[in-house]
Amino acid sequence: MENPLSLARSPRLAWSIGAPQAAYRITCAASERDLQRGRNLSWDSGRVESAAHFDIAYEGPAIAPRQRVWWRVQTWTAQSASATSRPAFWEAAITPEDWSAEWLASEHPEAKADRLAGLYWITGTGAQRAGVVRAFRTVIDGSGAASAELLLSANTLQGIWLNDAPLQADGPEEQSWTTMAVYPLALKPGPNVLAFALTREAGFGVPAAAAAGMVRLTSPSGQVRRITTQSGWRTQLTPPDGWRQAAFDDSAWPEATPPTRLPAGEPWLPYPAMHLRKAFTARRRIRSARLHATALGCYEAWINGHRVGDRMMAPEMTDPARRILFQTYDVTALMRQGDNAVGLWVGDGWYGSEYSGISRFTFGPAPCRVRAQLDIEYDDGSRETVATGPGWKTKPSPVLSSEIYDGEVYDARAEVEGWSQARFDDAAWAAAEPAETPTAAVEAEDAPPIRVVQTLKAAKITQVKPDAWVLDFGQNFAGWPLLKVRGQAGDRIEMRFAEVLLSSGEVDQSNLRSALARDTYVLKGRGEETWSPRFTYHGFRYVQISGLRTPPTAETLKALVGHNDLTMTGLLRLGDPVIETFWRNAVWSQRSNFFGLPTDCPQRNERLGWMGDAEVFWPAAAYNMDVQAYSSRVMGDVRHGQSAKGGFPDVIPPFFVGLELTSPGWSDAGVVLPHTAWMRSGDTGIVRENWEAMERHMAYILSQNPNHLWAKARGADYGDWLAVDAKEPGDATTPKDLVGTAYWARCAGMMAEMAQAIGRADDAVRYRALFDQIRAAFNTAYVKADGEIGNGSQTSYILPIAFGLLDDGAKAEAGRRLAADIHRRSDTLSTGFLGTPHILDALAISGHAEVAVTLLLQRAYPSWGYMVEKGATTMWERWNSDTGDVAMNSYNHYAFGAIVDFLFRRIAGVAPAAPGFDQVVIDPIVDQRLGHAGADYISSAGRIRVDWRFDNGAPVLNIDVPPGAQAEVRASTGVDWRLGDQRARQAPIRLTSGRHRLTANA
């Protein structure tokens, strides 16, 4: 990262060079002026004779929190030519001890009243089998009530009645156990019978039939009385006829009781996001100001009427029960001497929204909370802090509801003009109240934030109903709508989001499961109004819009593309347009799912940090984008999710509260991500900061499997997930112990390499020995005398070939069998999440590169080309997403895009021979069916460019090697590259920095 404001670790420094470097000198100072003048230096490395220009440890004095360090580097070439960089800086993050701010509640008054009344779940005695009905009934006195409503959450509701008349929920969402629904009650004076019935559903994670709710009775004067489900309810299994009627005698029914195990979370109604503000006076000239802020929820910070920064969805997704990120902003330019105000706008975010089919407030109790601290340094050196606490005011905002899955509702008529301005009159606002301090760790975020990175216009607009139009943006992505509209006050514009369409042309949301994916904007009626949601996001290509007074144009609704703003580092050029489109689709899926945590999908009621998807895709991701800082951020979440026994998690946060799973291919991400980030960047910092955690993970697996076969403690044991032959996603199309053992061996090999890199020679020896032990056990258990491995599935051969588990003879036979099975299947694959990333490598390694190209160019199902030719603009979750199970069918899932890594390394031919790419292996698979191929990759060593093509039938290879780097051209797949008298078949051709052209015979 360049010039980070909140660095929580000791930095490792890197710089670009324009010529081969022979020596360097780093200098640091407390001010830019001192640095440039070379005085009062806090650290001077002296001249260091070295070509290294990345992974350089800072060795100066310890840096205090909030301290800025200016640094620059001077370099020399072998000819003594010198160059000096422009000054750069970093600032040290504040520590837990540096916070003086309190946590404040972000809570609507009605939400607080509901919460204080209490949430009481009820069920009954006696076992309730699946499909059996449990009835509940109570009597409500309607005397003196001007109006009444029932708030109810239940699993699973068969029906609800008032005085034997069925009730209908008021609102777009069906009743569920994750969020309360509202039922208007037309009470008569005197007793009223309120009744409902629940059935028991079977299934993993489905709670027992239970309900929680309250009746709100409003008097003519506006006073509200709340009657909860704590008492007064009776229940019976399989009730008799007439049980809903007032005359029915329920005296023999037992009273409802709390369930032995409460459902996770708190299914409160969604309420408006809140404004919070504080006015203050800066009595001297301001030298600098930093705002540190975070929330249980999502927040925006405002100062003097201006939004702070351009990040979206802060503080981003983590497991807020364990880790909360805070952000630091340089707000000096927004401050002024005299009157100032700081404002915070807080929505539900991930903390307060439904999560993975589980209730709202899964990670902790309501309310949402916010904490912020403005640190001001004046010109005279004095300091002042403005922090959340006493004196802050709060008021509901025009965001009426804001949920990650369901979307946002905004009523512009409720806008509070100037609410974050210094001289705004907040006398009528309520005092903000302190909230309980979370137990989770609060840590600095030091990775690129989520930002709007691109704006799309609709490629097509179609009217599908008299009052509804569908806008097609031509690309599936994650982000937000940008609405520009005119109308009258109270006009209600509704937008529904989807990846695909129904045959009618309307949006098809069936694959979103319970996610409503719906935004609503209510106009204030003052000229042209522009709006975009701020506390939700959507995965979509299509938007169905209704409520407009005139047909929409491309200017009415645009789309804002958002993701963690990582620098693009890779560019592929492929002669086959379908495969090049496949690569672009994989990049779009990466953009869509690098959204705080690396998610599986951006659209349905999931969007989880599945580590299996990340593990297989990270090598590809690291070519497309600079993932170094982001990998460190994600590994912080992995460490917080590590079990007490040491196993890394499968998913962050867990998809059920308290669930701890360590499964092959998924938990391995805790080793694969640091290894990949280190290999691509050359920065060993990520290895060092995760070494202890990786050791604990590896020790846990060994403790459960001392015979070196991962046969026990395999967690959820997903296996080769969504393999072609599977009837259910996790079917064992390849033996799952084989899969686990192969992945364990791979991690042991990675650990040995990383140990060597950080100077832990004894650990490197130990992990090489562990690899050899697992390798030997694998061959004994799974490799048969005739050469068959496992059950003969493609993945049974792919993993041991790709992970180096076979001797040369066994590898050749495994490759032959793999290629034969592919041919038997009409040149198609049968692999799932864990086999697919390595299938092309396995073929190339075992001498079947031509089969790898055949597979790559395949258009029939199942293949990468099939998705493209079916119109995909992102990667599909399933090979057959066009016909697959709608209940688990994402059209934006990057896992099967993992072969992008192979495209860069083996088709374009850009591979690291050493961490950071200061040594490069160039060994492309050259095949006339591909036409041509090439890539640009911006590495730590500089821009590498490789292109190959055919010139009059003869291969030509053009290479740009960056300054100070070296490249080695090999001929493993048959093309005998020539450079002068050198022949690649005789010995690798070594290249220094510069531009090179190699040829080969036709």
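Guide: Ala, Val, Leu, Ile, Met, Phe, Trp, Tyr, Cys and Pro count as nonpolar, Asp, Glu, Lys and Arg as charged, and the others, Gly among them, as polar. The model discussed here is predicted.

Visitor: Which residues lie nearest the centre of the largest cavity?

Guide: They are Ser 106, Ala 111, Tyr 271, Asp 348 and Phe 361, out of 20 residues in the lining. Helix 2 (109-117) and strand 25 (338-347) are the elements that each give two or more residues to this lining. Sorted by class, the lining of the largest cavity has 12 nonpolar, 4 polar and 4 charged residues.

Visitor: What is the volume of the second largest cavity, and what classes of residue line it?

Guide: The second largest cavity holds about 160 Å³ of space. Its lining also numbers 20 residues, with Gly 641, Pro 649, Val 651, Pro 654 and Leu 659 nearest the centre. Two or more residues of this lining come from helix 6 (628-640), and likewise from strand 47 (651-652). The classes here are 9 nonpolar, 6 polar and 5 charged.

Visitor: How many residues of helix 16 are buried?

Guide: An α-helix has 3.6 residues a turn, so residues three or four places apart point the same way. In helix 16 (residues 900-908), 9 of the 9 residues are buried, including Asp 901, Arg 905 and Arg 906. Gly 909 follows helix 16, with a positive phi near 95°.

Technical notes:
Residues numbered from 1 in each chain as written. Predicted model: local features only at pLDDT ≥ 70, side-chain atom pairs only at ≥ 80, totals over all residues. Heavy atoms only, no water. 1 Å grid on protein atoms, 1.4 Å probe; cavity = no way out; pocket = protein on both sides within 12 Å on 5 of 7 lines; lining within 4 Å. Helix = DSSP H or I, 4+ residues; strand = E, 2+ residues; numbered from the N terminus. Points joined across faces, edges and corners; volume = space filled by probe spheres on them. Buried < 20%, exposed > 50% of the residue type's maximum accessible area, 1.4 Å probe, protein only.
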